[in-house]
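Got a minute to go through some labels and ask where they come from? Here is the model in question.

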Amino acid sequence: MSKSPFIPFKTNLENFISELTEKLDHNRKTLIQLLDIKEKSYQNFVKPFEMIDERLDQFFTPLSHLNAVNNSDMTQKVYADALPILTDYSTEIGHNIAIYEAFKVIKEHEYDSLNQEQQRVLDLNIQGFELSGAHLDLGPKERLKAINLRKSELSNNFSQNLLDATNAYELLIEDENDVKGLPQSDIEAAKIEEEGQTLYRFTLQMPSYIAYMTYGPNREYREELYHAYTSRAPQNAAIIDEILALKIERAQILGFKSYAEYSIATKMAPTTQSVIDFLEELAINAHEQGQKELEVLKKMSAEPIDSFDTAYYSEILKREKYDIDEEAYRPYFEQNSVVEGMFVFLHRLFGVSFREVDETLWDKNASAYDLYVNDQLRARLYLDLEARESKRGGAWMHNWQSHCKDENNHEQLASAFVVCNFPASTTENPSLLRHDDVVTLFHEMGHALHHTLSTVDENGVSGVNGVEWDAVEFPSQFLENFAYEPEVLKLFAKHYQTNEIISDLMIDKLVRAKNFQSAMGMLRQLEFSLFDFKLHLSLYQGEEVQNLLDRIREKTALIKPPSYNKFQNGFSHIFAGGYAAGYYSYKWAEVLSADAFFAIVDQGIFDTKLGKDYLNIILAKGGSQSMQTLFKELLGREPQPQSLLRLNGIG
């Protein structure tokens, strides 16, 4: 039996730190040998250097994945112990002037004879060294090293505080009248027996929280849940202050005025002002329609509407306006059926096939699939879709292996994880998804395909590697748009008990309701984006952070949130993820995704030339060229911003 091209998923937590230390020591020795080479070239220096990085990622990724999906005291401890060791090493490499100089010499002597992918690897590495301070004197380098170390600790603490606060809270409801109107599946999930009494337990885990905020009839309980959710982890306020101070200090050491300026050095956006202008113009375009949407919502309640009422009354309005009941759709979106149908759709769109493989993974509900294109094995995908207490909230894609050729010209295939927090299945009840969950799955799958279907031979620019941060959401948003297309829905939306295919009438209501409160939704995303970007334009501390958010909300928040709402303390994307001064990327990329989506829909979705072009240009070429260039190659023109407004029904 031939050896699998994929790494088996296993992590020895007991020995992880010693194994990591051993690997890093080995890497250091290898680097000394590489630097000793007299005539350095791309093949004998850059390629082995890149593969050192790739193999270290492959070793570390299972731990960071486990810490996110099976969080325990042990994973927390090992991850927290590993972070400073890894950060120290990364800083050491990033500050190594000899490696930086070697890259520059190779570029000078060999650049014109290299292919596009190799040139991009050189350019991005040189830029990376300059942005990490390789060219600086020892004093500033030492300070940057300390900043990197502290920042990684703080981000981990921010994330852990949030998870702990989410898991620490529960709301117990005694009166069954206070859960009347909730979907039966959510009532069953909440029901517990305590001392012979039936109680209903709601938590800050997403499926539970959303269920009560959307359907819960008791306003006091809705506020209690909302208060708990929006005031989680108050200790994160001090972490935010320290992170912001460290970020601006780092940027200024590297010669930038602000962290925002530093951030866009690696993005498509040309200037900080261009980002602000882009966001503010969208806010102006959305405001009038948003105000109208709110006025309609206000009519649903005799009392003034607060932030903790919007989801509840929006659901009533949505049902009334479109005669659409979200709960009525869930039996048609049984999780397994959705996954299988999505695979059929992707085969029709791109010609990619999915075959389940039997592999021992970290949880019994996780699964693995091999991806084939034209019967050729291309990649592996891991799915872990159900919520559990040990898993952090939200949904994400995490890349593991990257497609490339190694030092010996052997092909390495790609792999990635898709993680969601859908309602958990039981022996009695299957996992029934909301349509929003289906959209989320398509979104994360878009990221996964972007990484796994790359054909690039250089790992540093393969898949999502090397893609500008404000373009990285393009393939995910592009794919999620198809979750509203009737032809796509009919592939998998069938009743889990009767097998009845979803009716045209139900699809029509879903499509018409798609842009329900779209301007309000856009203003909310623009609020997050403007807050993030402006927060990183200069140094804000303490109350200044809240004051900035309040000023932005004057233009974006149609309902003023209560003063206890400390949204920033839970803004993991920018304080514990990679989106600092980059949250705007969602909207920036949405222009590309909306434009490409309409171009394919206009050709007929399935088996189109443009669908294959998207596979062979956007997905296959990964980060080997700027997304601006790839987009132009796909459609033969620049992106058109009006496609985004069309997608959202604004205008």
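This is a predicted model: local features need pLDDT of at least 70, side-chain atom pairs count only at pLDDT 80 or more; totals for chains, interfaces and linings use all residues.

Residues are numbered from 1 along each chain as its sequence is written, and side-chain values use heavy atoms, with hydrogens and water left out.

Q: Why is the aromatic pair of Y312 and Y313 called edge-to-face?
A: Rings of Phe, Tyr and Trp (its six-membered ring) pair if their centres lie within 6.5 Å, and planes under 30 degrees apart are stacked, over 60 edge-to-face, the rest tilted. Y312 and Y313 come out at 5.1 Å centre to centre with 80° between the planes, so they pair edge-to-face. By this rule the count comes to 54 aromatic pairs.

Q: What makes Y312 and Y313 buried?
A: Buried means under 20% relative accessible area (exposed is over 50%, partly exposed in between; 1.4 Å probe, protein chains only). Y312 is at 16% and Y313 is at 16% too, so both count as buried.

Q: Why is the pair of Y583 and Y586 called tilted?
A: The angle between their planes is 55°, which falls in neither the stacked nor the edge-to-face range, so tilted it is, with the centres 5.0 Å apart. Y583 and Y586 are buried as well.

Q: How do you know that the charged end of K107 sits over the ring of Y111?
A: The test asks for NZ of Lys or CZ of Arg within 6 Å of the ring centre and within 35 degrees of the ring normal. K107 is 4.9 Å from the centre of the Y111 ring and is listed as sitting over it. K247 lies over the face of Y259 too, at 5.3 Å from the ring centre.

Q: How do you know that Q546 is buried?
A: Its relative accessibility is 7%, and the buried label goes to anything under the cut-off, so Q546 qualifies. Q546 belongs to helix 21 (residues 543–556), helices being DSSP runs of H or I with at least four residues, numbered from the N terminus.

Key
Helices (H or I, at least four residues) and strands (E, at least two) are DSSP runs, numbered from the N terminus.
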